[in-house]
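Please look at the sequence and model first.

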Amino acid sequence: LAVMHYKQIPFGCGIWPSFWAMNSDRVWPGGGELDIMEFASYSPNKVTFHISGACELDTEKVSQCAPMGQAAESSTDCETNYFINKLGCMP
């Protein structure tokens, strides 16, 4: 359990405040990475998951988690390989 309370988080062009967890037993992204809080420049918070190998999110469940009145903007392919533009999944 992690509880985070921030009065202010830095933002702006080139700023990338984040809080993430990863497995220490395997080289990244083999053990996976969970980005719990990630603000890139002026983008809103994103929760993402990265892993090496095939892993897909259930699109029906992802759409159920979208805020009311908003379409789910997500990537369901969690495989991460920046060399071939696979950036992980984002519910």
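This is a predicted model: local features need pLDDT of at least 70, side-chain atom pairs count only at pLDDT 80 or more; totals for chains, interfaces and linings use all residues.

Q: What is the order of the strands in the open sheet, and which pairing do they have?
A: Residues are numbered from 1 along each chain as its sequence is written, and side-chain values use heavy atoms, without hydrogens and water. The open sheet has 3 strands in the order 1-2-3, with antiparallel pairing. Strands here are DSSP runs (E, at least two residues; helices are H or I, at least four), numbered from the N terminus.

Q: Why is one side of strand 1 and of strand 3 left without a neighbour in the sheet?
A: Strand 1 and strand 3 (48-50) stand at the edges and each has a single partner strand, so one side of each lacks a neighbour. Neighbouring strands of this sheet are turned by 20° against each other on average, direction ignored.

Q: What makes strand 2 and strand 3 a pair?
A: Pairing requires at least two bridges found by DSSP, and 3 bridges join strand 2 (residues 33-38) to strand 3. Glu-33 has His-50 in strand 3 as its bridge partner.

Q: Why is Phe-19 called partly exposed?
A: Phe-19, in strand 1 (residues 18-22), has a relative accessible area of 32%. Buried means under 20% and exposed over 50%, with partly exposed in between (1.4 Å probe, protein chains only), so Phe-19 is partly exposed.

Note on methods: Axes are lines fitted to C-alpha atoms, for helices over the stretch in contact, and angles run from 0 to 180 degrees between N-to-C directions.
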